[in-house]
Amino acid sequence: MANTRGVTTGINDEATPSLREKPTHETENDKSMVDWRHIDWRKLEKRVFKLQKRIYKASERGDVKAVRKLQKTLMKSWSAKCLAVRRVTQDNQGKKTAGVDGVKSLTPKQRLTLVAKLKLGSKVSPTRRVWIPKPGKDEKRPLGIPTMYDRALQALVKMALEPEWEAKFEPNSYGFRPGRSCHDAIEAIFNSMRHKPKFVLDADISKCFDKIDHLALLQKLNTFPTIRRQIRAWLKAGVMDNQQFQETSEGTPQGGVISPLLANVALHGMEERIKQYAETLPGLKRENRKSISLIRYADDFVILHENLTVVQRCQIIISEWLKSMNLELKPSKTRLTHTLNKYKEEEPGFNFLGFNIRQFSVGKHHSKKGFKIIITPSKEKQRIHYERIASIIDDYSTAPQEALISRLNPIIKGWSNYYSTVVSSEAYANLDSLMYPKLRAWAKRRHPNKSGKWIAKKYWRTIGGDNWVFATTYKGNLRWLTNHTDTPIVRHVKVKGDASPYDGNLIYWSSRMGAHPEMPKRVATLLKQQKGKCAHCGLYFREEDVMEIDHKIPLSKGGKDEYKNLQLLHRHCHDIKTAEDGSVGGM
């Protein structure tokens, strides 16, 4: 499929003959009579994506007037409202989590009612405070859960704002952006330090989501008044924590659909500020801009340059820049170090997003001396992962072997996939060797009077030449524990420069999804087989889509769990197909 260019005008898309709703859908009353299950979602998605692509193109060329007109068109669009409601009531993991009004799990009829009600305003409900534990820590993170209505409206506003800002965001901003991941950030760091050793400022912004200045954020958004008033109302809505109301005078609540986008808007400009400073250094401006790198993933970032004084000055500049948003660096997580492994440290280099990144000197002669970059899972993340595995093995001391294998496999596969793009073979082997005595102890505890040979024969099998596979037979099928070393190491290909999913190159983006290191093997295989398209609606999968594997012939009707009976669907398409074939589940 060719990447077509959108021609941006101020014309209302839903008023043009080629994009007009069907006559039976023209009025709000008629639209309310539509059956949710029979909506032509393919047509709606194409219509909305065309608008989003035009917003992106207009923003890219700086045509603010066209951006605003197109955003207003999208905000009024019945198609966009339906997609926003579907996003929060069918696709999102939190669809069964209620806000302060207790509303959750809407029926198809209730979804259409919600679509009809969606309208920008300034009256909002407070968010419901929920505390969740931070991974590997005793601390808890506060989430603010909006009502279902506010979630749907936030999804609608995000549809309009995100394409505009995707055309503006800096190339080395990677967190909470469609089509970009932490693996892209790691590759950007690799590219920045591949030619010479550099000093690094590894920093974290303290309580970023909780401290952002509302007025500064709204001024930076610089959007039209109705959206500005709506976003201001969400920011000022307050929270209900254990039946107690608390005002919110700063920050954007974690848990809101639009919050990650707002946080990225607040931090937009950090990279350019550092590049501006680089231009003041001696030498050519263009070369100086290239010599310094600021790579950011959400509120974590690194600054790299070969000169220590420059990096130190950058820390001061960024600290001053953050003050304009009422933010500051977190001292305990701000560290100045060097990429080269020449200091006697426990773990040389620096850690970023769970990876340890460092350089080693190579070459026998000084004149030919070079450097090699080694990126591995950080020691801390290895420890946390092993402790989690050990805890599960202890908790499942009386559970069947199959239950323990089923519990551990997703955790091992997920962790191994995350680190499968770097030098992880040694870490994988170490973790597998640590798991073995834990499993032996688990088995021995169950049979204290049996010999080691008897236990080994009962719980370990020979599979594919490996004599020590922790495995069992369950319902006639062999189930075995995945090893970390079963995961192949494959280098990640960084996203192209300023590329965005809104640029219209759907083939590029769907192929990247299939190659993502955290994509499960089955899903990646089906994505490739289906050429990046949903088997039900025929649309390309996009970054924010929730994909699910479906059995063409349901297992309950005699279908087999094999590739020729599998297909990859959107979650909402899966709902429709399940309702149609009469298997367990539904809308």
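Predicted model: local features only at pLDDT ≥ 70, side-chain atom pairs only at ≥ 80, totals over all residues.
Which residues in helix α19 are buried? In helix α19, spanning residues 506-515, they are L506, Y508, W509, S510, R512 and M513.

Let me turn to helix α18, residues 452-459. Here I455, A456 and Y459 are buried. Their arc around the axis is only 100 degrees, so they lie on the same side of α18. As a general point, an α-helix has 3.6 residues a turn, and therefore residues three or four places apart point the same way. On the other side of α18, K453 and K457 are exposed. Among the elements that cover the buried residues of α18 are the helices α16 (401-418) and α17 (425-446), together with the strands β12 (460-463) and β13 (466-474).

Those two strands lead us to the sheet. It is open and has 3 strands, in the order β12-β13-β14, with antiparallel pairing. Why do β12 and β14 each have one side left without a neighbour in the sheet? Both stand at the edges, β14 being residues 477-480, and each has a single partner strand, so one side of each has no neighbour there. From one strand to the next, the twist averages 60 degrees. Between β13 and β14, which run antiparallel, there are 4 bridges, and T472 stands opposite R479 in β14. Helix α18 packs on this sheet, where α18 touches β12 and β13; the direction of α18 makes about 55 degrees with that of β12.

Next, the nonpolar cores. The largest has 81 residues, and I231 and F301 are the ones with the most contacts inside it. Helix α6, residues 148-166, gives the most to this core, with 10 residues. A second, separate core has 29 residues, including Y174, I186, I357 and I375. In soluble globular proteins, nonpolar side chains tend to be buried together.

If neighbours within four places in sequence are left aside, the contacts of F301 include L201, A203, I205, M270, L294, I318, L329 and F352. D202 and R296 are also among the residues in contact with F301.

Is S259 buried or exposed? With a relative accessible area of 2%, S259 is buried. Not counting residues up to four places away in sequence, S259 touches F209, T252 and P253.

Conventions:
Residues numbered from 1 in each chain as written. Heavy atoms only, no water. Buried < 20%, exposed > 50% of the residue type's maximum accessible area, 1.4 Å probe, protein only. Contact = heavy atoms within 4.5 Å. Arc of directions from axis to C-beta. Core = buried A, V, L, I, M, F, W, Y, C linked by side-chain atoms within 4.5 Å. Pairing = 2+ DSSP bridges. Axes fitted to C-alpha atoms, helices over the stretch in contact; angles between N-to-C directions.
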